[in-house]
Amino acid sequence: MKKKERLRPWNIDTICHEGKSKTIINSATLKHEDAAASEGSEEAAINRLKDFVKKHNKTIRKFGMFQKPLDSQNFLLEHPFLVCEETANQLVLWCIDLAMEEKYDLMNHVSHQCIVMQFMLELAKSLKCDPRACVRPFFAKFMNPEPEYQKAFDDELSAFRDRIRARAKVRIEEAMMKLEEEEREKRLGPGGLDPVEVFDTLPPALQECFEKKDVEMLKTVLCGMDPKDAEYHMKRCVDSGLWVDNVNKEEDGEEDGKGTAESLTQPGQPTEGDVASQQFSDPIV
């Protein structure tokens, strides 16, 4: 499922747009593509990409590193199976990974090869032929481009790089949110509350008590608070794990003189025996 989510949003169709030129036309889909689409579901397409990358990832990456158009042409003539949507999709994913790692120079280079592949596939669509037959025609045009064609390529490449950076930023934000949520889940106390969130909502005087882990100060502060407020905050401290009860309350009352302490406090507030029988817990794990 994780692999499926990773592959589905970042294919060439969702992140690339067709370049505008006299040659590249958004024509009808090829017959063999129609057949493939009718035969395979989205799951099947993902599996095809997974299998293709497993077999040819090293070759795809080698193509992605070429700098000279002539070298790219000769390599594709030697490896014609690379001229397909799967190669373009994998180059997109590689670009996103590089952007997330802030390897922008390499991302810019690989993105160029990705758009080369995309334009080649679009040429095959416009000519209604097998993409593998478009290697020589494409590079003949690409290495001696008309100004309009060159502008279309450069504009699409620039826009593609912007989209890659935007997608990488979203992926990083999602990863950070997931990490923060996992950390929060680990911090949750016995009552299901987050100690960090609870600590931030405490009155400053109570925060100081927990920061210093000073039981006597805590007793003094609680005795000076409204009983309902004191009860509310202490319950949240217990539910979040900021305040941990160590011993049985009945034993506390007998051993620590709970009855005497209660007479000195306001109703509803923790007594001296209660406070002595408990301990502080760090707000951040």
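Reply: Buried means under 20% relative accessible area, exposed means over 50%, and partly exposed lies in between (1.4 Å probe, protein chains only). This is a predicted model, in which local features need pLDDT of at least 70 and side-chain atom pairs count only at pLDDT 80 or more, while totals for chains, interfaces and linings use all residues. Residues are numbered from 1 along each chain as its sequence is written, and side-chain values use heavy atoms, with hydrogens and water left out.

Me: What percentage of the residues of the protein chain count as buried?
Reply: Helices (H or I, at least four residues) and strands (E, at least two) are DSSP runs, numbered from the N terminus. The protein chain has 16 helices and two strands. Of its 285 residues, the share that counts as buried is 39%.

Me: Are H4 and H5 roughly parallel or roughly antiparallel to each other?
Reply: Axes are lines fitted to C-alpha atoms, for helices over the stretch in contact, and angles run from 0 to 180 degrees between N-to-C directions. The axes of H4 (residues 42–64) and H5 (residues 69–78) come within 10 Å and cross at roughly 160 degrees. Angles under 35 degrees count as roughly parallel, over 145 as roughly antiparallel, 65 to 115 as roughly perpendicular and the rest as oblique. H4 and H5 are therefore roughly antiparallel.

Me: Which residues make the contact between H4 and H5?
Reply: Contact means heavy atoms within 4.5 Å. From H5 come Ser-72, Phe-75 and Leu-76, and from H4 come Thr-59, Lys-62 and Phe-63.

Me: Within what arc do the buried residues of H12 fall?
Reply: In H12 (residues 215–223), Leu-218, Lys-219, Val-221 and Leu-222 are buried. The arc is that of the directions from the helix axis to the C-beta atoms. Glu-216 and Thr-220, on the other side of H12, are exposed. The buried residues line one face of the helix, because seen down its axis they fall within an arc of 165 degrees.

Me: What is the relative accessible area of Ser-240?
Reply: Ser-240 lies in H13 (residues 227–240). Not counting residues up to four places away in sequence, Ser-240 touches residues including Arg-187, Leu-188, Pro-195 and Val-198. Ser-240 is buried, with a relative accessible area of 2%.

Me: What distance separates the C-alpha atoms of Ser-240 and Leu-188?
Reply: Ser-240 and Leu-188 are 52 residues apart along the chain. Their C-alpha atoms are separated by 6.1 Å.
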